[in-house]
Amino acid sequence: MSARTLPLLFLNLGGEMLYILDQRLRAQSIPGEKARKDEWTDVDRKRVMNDIITTMFNKKFMEELLKPQELYSKKALRTVYDRLAHASIMRLNQASMDKLYDLMTMAFKYQVLLCPRPKDILLVTFNHLDAIRDFVHDSPGILNQVDETFRQLIEVYGCLSAGEFQLIRQTLLIFFQDMHIRVSIFLKDKVQNSNGRFVLPTSGPVPWGTEVPGLIRMFNRNGDEVKRTEFTTGGNYVIPQKEGSFDLYGDRVLKLGTNMYSVSRPVETQMSGSAKSLASSTKENIAPNPLAKEELNFLARLLGGLETKKPGGSDTGFRLNLFTTDEEEEQAALTRPEELSYKVVNIEATQEPGRREELAGILGELEAAEPCPESCDKGEDLLALMDGL
């Protein structure tokens with residue numbers, strides 16, 4: 001298990017969550033002068049995105065996250081995203097939050113599986129951060145938080161060897177190995193089997209620094225080539241035109257991890273009760289993307305035109321429903337298997353005395369925190385930080 005995996009897992013899943021919420025809120029945004037009090041406006045959307053990103057990239061939180069450490073339990077990490085999603089005026093009930101987390105995890109799992117080489121996981125992370133930059137481009141303070149995290153990632157991961165990135169990839173795959181949640185769009189596009197496992201392509205770009213398969217070279221003891229043999233590969237492969245940039249700004253080349261709605265071609269999106277055409281435009285990336293259609297359609301058709309209502313009573317938050325109707329959301333909550341509902345944090349025994357006091361000292365905001373017992377959940381570190389933000 002790699003001790004450098006947690007930051008990449010957190011940032012990539014967080015990026016996927018922001019993609020979903022941004023698209024969902026944009027679909028429901030109404031011009032401010034026409035909106036009622038219970039309807040979303042673009043101002044509300046920006047506030048939600050800014051609040052979540054501010055919490056996500058809090059300096060002390062990131063410093064704690066970037067320390068070498070093992071992955072937290074699935075339920076502890078899931079609870080962190082629950083609190084992160086509710087860091088603003090937006091409110092999700094249990095069923096919608098579960099669905100959001102399912103989409104986040106399956107999307108990133110798919111990206112990890114498709115990475116041509118282990119080091120490209122860092123490019124996937126940078127693609128997410130580039131998109132998050134765009135979300136807060138008009139908020140210099142928050143943008144600086146994201147850039148600072150970018151610099152820390154470059155410093156920490158820029159010097160890692162290929163073997164260390166391979167260990168990170170294996171750690172991520174172990175984390176995702178028991179998660180086989182079926183997604184209707186993946187099933188329809190035949191990139192996921194009925195058992196929830198992905199179907200990986202046998203064609204497309206080869207990893208940077210490698211050659212297209214199909215040729216065997218044989219050398220003698222002096223290192224001289226003495227024979228060549230060609231063979232049929234059964235796939236169509238291409239060589240990348242250049243390596244993706246690992247700098248603060250640059251062309252990542254790899255499209256995995258980019259916002260699925262920022263594309264240079266229109267996408268037909270079928271929505272409940274109506275059919276609309278969704279088109280977004282961005283600078284064209286010359287690198288081939290063998291599964292662009294699957295990536296793009298994943299959220300576009302699933303989250304296209306759903307309804308949002310403000311909860312009644314004294315609750316001042318705006319409710320976001322990731323289902324077509326309230327009835328469908330309620331039914332999902334009733335039928336969801338108990339093991340997939342994350343209502344509590346799974347406690348894992350470990351010896352970490354004094355950890356909570358250390359975090360309280362860092363933030364100075366955990367005044368009510370009690371000393372951490374000798375057996376405490378490793379995930380409580382991040383949760384305590386979330387409470388203090």
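Buried means under 20% relative accessible area, exposed means over 50%, and partly exposed lies in between, with a 1.4 Å probe and protein chains only. The model is predicted: local features need pLDDT of at least 70, side-chain atom pairs count only at pLDDT 80 or more, and totals for chains, interfaces and linings use all residues. Residues are numbered from 1 along each chain as its sequence is written, and side-chain values use heavy atoms, leaving out hydrogens and water.

**Stop 1: aromatic pairs**

Rings of Phe, Tyr and Trp (its six-membered ring) pair if their centres lie within 6.5 Å; planes under 30 degrees apart count as stacked, over 60 as edge-to-face and the rest as tilted. The structure holds 9 such pairs.

Select Tyr-19 and Phe-135. Their rings are edge-to-face, 6.4 Å centre to centre, with 70° between the planes. Tyr-19 is in helix α1 (residues 6-28) and Phe-135 in helix α6 (residues 120-135), so the pair ties together parts 116 residues apart in sequence. Helices here are DSSP runs (H or I, at least four residues), strands likewise (E, at least two), numbered from the N terminus. Tyr-19 is buried at 1% relative accessibility. Phe-135 is buried at 15%.

Now select Phe-126 and Phe-246. The ring centres are 6.5 Å apart and the planes are at 70°, so this pair is edge-to-face. Phe-126 belongs to helix α6, while Phe-246 sits in the loop between β5 and β6 (267-271), so parts 120 residues apart in sequence are tied together. Phe-126 is buried, with a relative accessible area of 0%. Phe-246 is buried too, with 16%.

Next, pick Phe-10, Phe-61, Tyr-81 and Tyr-101. They form one aromatic cluster.

**Stop 2: charges over rings**

A charge sits over a ring if NZ of Lys or CZ of Arg is within 6 Å of the ring centre and within 35 degrees of the ring normal. Lys-119 lies over the face of Phe-246, 4.6 Å from the ring centre. Then move to Lys-74 and Phe-175. The charged end of Lys-74 is over the Phe-175 ring, 4.8 Å from its centre.

**Stop 3: salt bridges**

A salt bridge is a side-chain nitrogen of Lys or Arg within 4 Å of a carboxyl oxygen of Asp or Glu. The whole structure has 20.

Return to helix α1 and select Arg-26 with Asp-22. Their side chains meet in a salt bridge, 2.9 Å from N to O. The two are 4 residues apart in helix α1, about one helical turn. Arg-26 is partly exposed at 46%, whereas Asp-22 is buried at 5%.

Go to helix α3 (residues 59-65). Lys-60 and Glu-63 are 3 residues apart there, about one helical turn. Their salt bridge is 3.8 Å from N to O. Lys-60 is partly exposed at 33%, and Glu-63 is partly exposed at 32%.

Then select Arg-217 and Glu-225. This salt bridge is 3.8 Å, N to O. Arg-217 is partly exposed at 33%, as is Glu-225 at 35%.

**Stop 4: a nonpolar patch**

Switch to a surface view. Ile-216, Met-218, Val-226 and Phe-231 form a nonpolar surface patch, with about 340 Å² of accessible area together. Patch residues have over 30% relative accessible area and no salt bridge; like charges are joined within 9 Å, nonpolar side chains (Val, Leu, Ile, Met, Phe, Trp, Tyr) within 5 Å. Areas come from the Shrake-Rupley method with a 1.4 Å probe; for residues, only the protein chains shown count as cover. Finish on Phe-231. It lies in the loop between β4 (225-230) and β5 (237-238). Phe-231 is partly exposed, at 41% relative accessibility.
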